[in-house]
Amino acid sequence: GAEAAARAHGREIKAVPEDAMIIVPSRNVVLFPGVVFPLTIGRPGSIAAAQEALRAERPVGVLLQRQPEINTPGPENLHWVGTVANIMRYVTTEDGVHHMVCQGTQRFRVLQFLDGYPFLVARIAPVETPEVAGSEVEARMLNLKARATEMFQLLPQAPAELVAAIQGVNSA
């Protein structure tokens with residue numbers, strides 16, 4: 001909790017190994033590969049995790065909690081299959097709420113959680129997603145991209161990165 005955030009700010013955090021990932025638990029949201037989604041993060045450990053990932057220019061692993069009411073979830077409280085996410089934007093609002101806009105890139109499975117960090121860190125293995133093909137699927141994807149672009153053009157403060165990310169999706 002608070003002591004983890006204090007440790008994160010007070011001293012150097014040891015480097016996360018290349019084959020491991022900083023984990024951000026999610027209470028009620030499942031992030032899918034290819035999807036851009038805003039996540040609100042409020043727990044000190046999650047804030048420290050997101051800020052370290054930004055500092056190190058690394059993606060995060062988003063894992064769904066089994067029970068959303070648990071405030072400091074450990075490995076036993078999380079599903080061990082999640083999605084790797086690039087942090088596209090990180091914003092702290094005036095009321096102190098932290099938001100990160102993430103783009104899911106690939107599913108992963110946790111192999112082992114690592115100790116010694118002020119946030120969750122795990123060794124992971126990618127989970128291959130089978131390709132979905134076919135002209136009907138392709139047509140639906142193009143239609144969905146067009147509708148999403150139209151929707152964001154109607155929003156007064158839609159981030160340009162979001163529109164660019166949607167335009168960049170090329171796999172159903």
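Modeller: On a 1 Å grid over the protein atoms alone, a pocket is an open set of points with protein on both sides within 12 Å along at least five of seven lines, whereas a cavity is a set where a 1.4 Å probe fits but cannot get out; lining residues have an atom within 4 Å of a point. Grid points are joined across faces, edges and corners, and a volume is the space filled by probe spheres set on the points. This is a predicted model, in which local features need pLDDT of at least 70 and side-chain atom pairs count only at pLDDT 80 or more, while totals for chains, interfaces and linings use all residues. Residues are numbered from 1 along each chain as its sequence is written, and side-chain values use heavy atoms, with hydrogens and water left out.

Biologist: How much space lies in the second largest pocket, and which residues lie nearest its centre?

Modeller: The second largest pocket holds about 370 Å³, and among its 22 lining residues G45, P73, P118, F119 and L120 lie nearest the centre. Two or more residues each come from β1 (20–26), α2 (44–56), β5 (98–114) and β6 (120–127), with helices (H or I, at least four residues) and strands (E, at least two) taken as DSSP runs numbered from the N terminus. The largest share, three residues, belongs to α2.

Biologist: What lines the largest cavity?

Modeller: Rolling a probe the size of a water molecule over the atoms shows where empty space is left. Here the largest cavity, of about 30 Å³, is lined by M88, R89, V101, P159, E161 and L162, and the elements giving two or more of these residues are β4 (81–92) and α4.

Biologist: At what angle do α3 and α4 cross?

Modeller: Two packed helices are described by the angle between their axes and the distance between the axes. The axes (lines fitted to C-alpha atoms over the stretch in contact, with angles from 0 to 180 degrees between N-to-C directions) of α3 (residues 135–154) and α4 (residues 160–168) come within 10 Å and cross at roughly 170°. α3 is therefore roughly antiparallel to α4, a term for angles over 145 degrees. The contact (heavy atoms within 4.5 Å) joins K145, A148, T149 and F152 of α3 to L162, V163, I166 and Q167 of α4.

Notes. Angles under 35 degrees count as roughly parallel, over 145 as roughly antiparallel, 65 to 115 as roughly perpendicular and the rest as oblique.
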